[in-house]
Amino acid sequence: MTRAARQRFSIGYHLNSWDLTGQPLRPALEFLAGQGFGWFEILAFTSLSDQFARKYMQLGDLPPAGVTTDTDILRRYALLSEAQNDLGIKLSSLYVNATFINPNLWAYERDCLVALARLLKGFGAPVLVLGGGPSEASGNAHAPDDYKAFCRALEDIGRRTADLGIAAVYHPHLDTFVERRGQLDRMMDELDTRHAGLCIDPAHLVQTHSDPVDALKTYVSAVRYMHFKDSRVDDNLKGPERYAAFCELGAGVVDLPDLVDVLLDAEYDGLAIVELDASQKTAEQSALESIEYLTGTLGLTLAPGKG
């Protein structure tokens, strides 16, 4: 049986390649809808998420933080809403960073995350993607009590979003609390996955020389959302340059065929979102190359059950 015949998950595309480089989003959504994608993901861009990135992530020399007003944020979501109505491409999730273990920040972070979940419910989006938590490299001790506090915070959000019909998932990521397989294992030993699940992003794991296929096999029952992402992995790249190793699907070292087969064997029926931070070509060209790899090499379809 072909992969497409076995496939139960739909595939979407992340707007990062346009959004992070300041390109307009409406043409990007028109392009993605025209290619047959039914879902898209986008960064939430809250001020607390931005503060986390500036404090804890190795992003190099950044300009002063800009001022994003409530009007800016609401117009951003209005644009997404209009595209969803006009084009039929739907918001799958928002990605947002939080610190999770700072008791002075947690009430603020929690309230923002719950508000985002309420927004997602209005869009009909199924998932809130959580990132962040201080990395070991940033000076956090990653003691057992840190893992307990971190997991209790994830579970707290998961309980609150579940009341709205939204799944909360944590995304291991460079420069965050969980970067490597050993850290993922420690988190999963502590986390109650009835309340918070996983988003596996193979490129971020492979960047730390962790095996994303084995991680997915081990924790597939807790995976409620996927990112499809690839990386060339170059240990000579440091700091913000590491993010330049991310590439189009099939151009890196991630074993995407085996990764997909794990999902098929598990009858995974969630969403898988193709992601590339900033294209070294054009966002459109990179997307087309990843689509060709998905459909041509891997034999998948963007929307199973259609066509």
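A crossing of two helices is right-handed if the near helix is turned clockwise from the far one by less than a right angle. In this predicted model, helix H7 passes helix H8 in such a right-handed crossing. The two helices pack at an angle of about 65°, and their axes lie 9 Å apart. On the H7 side, the contact is made by Pro144, Tyr147, Lys148, Phe150, Cys151, Arg152, Leu154 and Glu155. H8 contributes Gln183, Arg186, Met187 and Glu190.

H7 covers residues 144–162. Its 19 residues should span 27 Å at 1.5 Å a residue. The C-alpha atoms at its ends are 27 Å apart, which agrees with that expectation. Buried residues of H7 include Asp146, Ala153, Asp156, Ile157, Gly158 and Thr161. Tyr147, Phe150, Cys151, Leu154 and Glu155 are also buried, and these residues take part in the contact with H8. The cover over the buried residues of H7 includes H8 (181–190), helix H6 (106–123), strand S4 (127–132) and strand S5 (167–170).

S4 and S5 belong to a barrel closed by 8 strands. The order is S1-S2-S3-S4-S5-S6-S7-S10, with parallel pairing. Neighbouring strands of this sheet are turned by 30° against each other on average, direction ignored. Strand S1 (residues 10–14) pairs with strand S10 (residues 271–274) over 4 bridges, in the parallel sense. Here, tyrosine 13 stands opposite valine 274 of S10.

Strand S3 (residues 90–98) runs parallel to S4 and is joined to it by 6 bridges. Valine 96 stands opposite leucine 130 of S4. S4 is largely enclosed by the rest of the structure, because 6 of its 6 residues are buried. In a regular strand, side chains alternate between the two faces of the sheet. Val127, Val129 and Gly131 point one way from S4. Leu128, Leu130 and Gly132 point the other way. All of these residues are buried.

Aspartate 175 is found in the loop between S5 and H8. The residue has a relative accessible area of 1%. Aspartate 175 is therefore buried, the cut-off being under 20%. Its contacts, beyond residues up to four places away in sequence, are Phe52, Tyr56, Met57, Gln58, Gly133, Ser135, Arg242 and Tyr243. With tyrosine 243, aspartate 175 forms a side-chain polar contact of 2.8 Å. Alanine 53 is 122 residues from aspartate 175 in sequence, yet their C-alpha atoms are 8.7 Å apart in space.

Note on methods:
Residues numbered from 1 in each chain as written. Predicted model: local features only at pLDDT ≥ 70, side-chain atom pairs only at ≥ 80, totals over all residues. Heavy atoms only, no water. Expected span 1.5 Å × (residues − 1). Buried < 20%, exposed > 50% of the residue type's maximum accessible area, 1.4 Å probe, protein only. Contact = heavy atoms within 4.5 Å. Pairing = 2+ DSSP bridges. Axes fitted to C-alpha atoms, helices over the stretch in contact; angles between N-to-C directions. Polar contact = N/O pair within 3.5 Å; in protein donor to acceptor, adjacent residues only side chain to side chain.
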